[in-house]
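Thanks for making time this morning. I would like to walk through a few local features of one model, so please have the sequence and the structure open as I speak.

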Amino acid sequence: RLARIEALIQDAISQPTRSIRLAESILRYLIPSIAVLAVATFVGWYWAADFGTALRNALSVVLISCPCALGLATPIVLLVAITQAAKHGILIRSGEALEKLAGVQAFLFDKTGTLSQPGTRSGVTAVWPLSDRSADEVLGLAASVESTVRHPLAEPVVRSAQARGLATMPVLSTRIVAGQGIVGVVETDGGPVEVAVGNEALMTTLGAVGAGAPMAIQAAHTAGHLVLHVAIDRHLAAALVLEEQMDDAAAEVTARLRATGYHVAILSGDGSAAAARMGERLGISATGELTPGDKVQALTEARAAHGPVAMVGDGLNDAAVIARADVGITFATGAGLNLEVADVTLFNPDLRGIVRVRQLAERAQRKIRQNLGWAFGYNAVGLLFAVSGLLHPFFSVIAMVLSSLFVTANAFSLGRSDWATLPGAAAAVGPVPLNKPYI
């Protein structure tokens, strides 16, 4: 995994961006144009003065227009930005992603595992049997299947089974139903049984039958709690209720993004009531009961309404929408597929990393504009002096070196800036911690 991360960083540094391609296209025309201008300068001064003056001024034109500063302007900023982000536990897949992030106008968030953690403190808060099987039996079977995957909803189920002293059983096979849940075959003393754990959509997909959910489960849905249905051999066996805990930084991050002028919304595969409850707590719009395809459609609509969109998610059902977003953001603790498709991966499990990397992207873009503006302005003014015969070749060399040093120093100043701390954080909530374990 570390080798793969290293390869991604190397790819990020080597991939050309729009700014680099623009500079390269300009250089293709600039160099022959300078050659023509140098010849014209030589001919003009040879006719107006003498050979020595013509040669000196033509040489000044060639030296002052050396494209080093223009060639360095963008790549060195991207190199500094990507390496600085990596030092703070943020993997940026490419310079192109960094440039796109600076232009994002909307942030869309997955809910469970991103803005909230289900059962963080209490695990499964209630097990309501829907058949003649005991609560412990159903919880043990569900934990056996959930122990085979890494998912925010799986951890509290496994933890609750362990707290009750229930041993997990061998699992012969599993399959993920994206946006709905997991189905596995568990080896029990009485033989293999099929165990499905997921939402109501999964039960409908499997055709699981049963007596139906009691009023208490409906009340849990209405209250915004997460409810997992468990089916054994395609018969409803129980419902697991999980109390959802909002991430400590969720309110701060969404509020800062909204205050900056971004459109912020939640796209969730959980029930509409749970999504609406989270949206109400954060003061943003929220849509629930979305399949992976529905999330892609919602992202397309948000892009049409607001402009470039960043999607933040961690689950397997978020992979498609992360891949389709202008900038996809995920966590290293999430589904492995997301690491392959995301543009930005946060190894520090702190949502405020999203605000940090946005600040980094904006400041890097500002540095690129400054460098390009300096390079073009320097060449324009320098050429004017050189053609006019007011610049000696010796000073042209010095000016060329100073120009390259300027764009380099300006790029490295990005590493000394305070992008890794949130503006106003010291007064509001104290310094943002950067010492959490990345992996």
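Let me begin with a question: which residue is the bridge partner of A106 in β11? It is H263, and I will come back to that pairing once the ground rules are stated. This is a predicted model, in which local features need pLDDT of at least 70 and side-chain atom pairs count only at pLDDT 80 or more, whereas totals for chains, interfaces and linings use all residues. Residues are numbered from 1 along each chain as its sequence is written, and side-chain values use heavy atoms, with hydrogens and water left out.

Helices (H or I, at least four residues) and strands (E, at least two) are DSSP runs, numbered from the N terminus, and two strands pair if DSSP finds at least two bridges between them. Strand β2, residues 106-109, pairs with β11, residues 263-267, in the parallel sense over 4 bridges. β2 is also joined by 4 bridges to β13, residues 309-312, again running parallel, and there the bridge partner of F107 is A310. A106 and L108 point one way from β2 while F107 and F109 point the other way, and all are buried, where buried means under 20% relative accessible area, exposed over 50%, and partly exposed in between, with a 1.4 Å probe and protein chains only.

For β5, the pairing with β6, residues 181-188, is antiparallel over 6 bridges, and it includes I176 bridged to I182.

T174 is found in β5, residues 171-177, and it counts as partly exposed because its relative accessibility is 39%. Leaving aside residues up to four places away in sequence, T174 touches T148, I182, V183 and G184, contact meaning heavy atoms within 4.5 Å. The C-alpha atoms of T174 and T148 are separated by 7.9 Å, although these residues are 26 apart along the chain.

Finally, helix α5, residues 75-87, has 13 residues and should span 18 Å at 1.5 Å a residue, which agrees with the 18 Å between its end C-alpha atoms; the expected span is 1.5 Å times one less than the number of residues. Among the buried residues of α5 are I76, V77 and V80, and just after α5, G89 takes a positive phi of about 80°.
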